Amino acid sequence: MNPTITAFESSPDRGRGLARDMRVRWALEEVGQAYEVRLVSFAAMKQPAHLALHPFGQIPTYEEGELALFESGAIVFHLAQTRPGLLPGEANARARAITWMFAALNTVEPPLVEFSMAKVFECNKPWYEQRQPMLEERVRKTLGLLSSRLGEADWLDGAFSAGDLMMVGVLFRAKPTGILDDYPNLAAYVARAEARPAFRQAFAAQLAVFENSRAAG
């Protein structure tokens, strides 16, 4: 039986790869695991059936037999641990790849989310003009440090791993802001990931959901 993930029935990101089911789709494609998708509405996400899978009423979730998971990072970690292709076999390299997964979610993503969400939800607030430069400075500091660490390497630590998958998934949030263009090596890093067949397949699948929902509307 193939695992089943949940995704937005009508994605607010308009199929641009920002919704977090993208990371799980990409991981599934990288490890060659077929999967099913159950689309959920915003109303359904707050109902008991979905809250039993995701206590915070979000997506994605992951079901495989008796196992039910939530949080994209945890799901990708599970896939990386149970299927070959996303974590190195050597113990130290494996630990470093996992460290980069945590760094993507805990260090790089929070300032990016706060910066991008402020542009959407706070742009009409009286404090927006004063607060935005501070948020942008935090993003630039984080991206600058990541850029220095990546240098001219293709990937964060040797071969492509789940650490790169999660980091690129996070950096995707910087693309609409234009900030990523100020760090050419990070922009090239994201472009290399986008060129991977697994990424393209996952992106196309997520985009198709949005296009189908728009056509149906």
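How do the residues of the lining of the second largest pocket divide into nonpolar, polar and charged? A few friendly notes follow.

1. This is a predicted model, in which local features need pLDDT of at least 70, side-chain atom pairs count only at pLDDT 80 or more, and totals for chains, interfaces and linings use all residues. Residues are numbered from 1 along each chain as its sequence is written, and side-chain values use heavy atoms, with hydrogens and water left out.

2. To take the opening question, the lining has 4 nonpolar, 3 polar and 4 charged residues (Ala, Val, Leu, Ile, Met, Phe, Trp, Tyr, Cys and Pro count as nonpolar, Asp, Glu, Lys and Arg as charged, and the others, Gly among them, as polar). Among the lining residues are Arg-20, Arg-23, Glu-71 and Glu-109. Helix H3 (72–82) and helix H4 (91–121) each give two or more residues to this lining, and H4 gives the most, with 5. Helices here are DSSP runs (H or I, at least four residues), as are strands (E, at least two), numbered from the N terminus.

3. Helix H1 (residues 21–30) is mostly covered, with 9 of its 10 residues buried (under 20% relative accessible area, 1.4 Å probe, protein chains only). Trp-26 and Arg-23 are among the buried ones, and Arg-23 also lines the second largest pocket. Just after H1, Gly-32 takes a positive phi of about 70 degrees.

4. Thr-4 lies in strand E1 (residues 4–8) and is buried, at a relative accessible area of 18%. Leaving aside residues up to four places away in sequence, Thr-4 touches Glu-36, Arg-38, Thr-61, Tyr-62 and Glu-63 (heavy atoms within 4.5 Å).

Conventions. 1 Å grid on protein atoms, 1.4 Å probe; cavity = no way out; pocket = protein on both sides within 12 Å on 5 of 7 lines; lining within 4 Å. Buried < 20%, exposed > 50% of the residue type's maximum accessible area, 1.4 Å probe, protein only.
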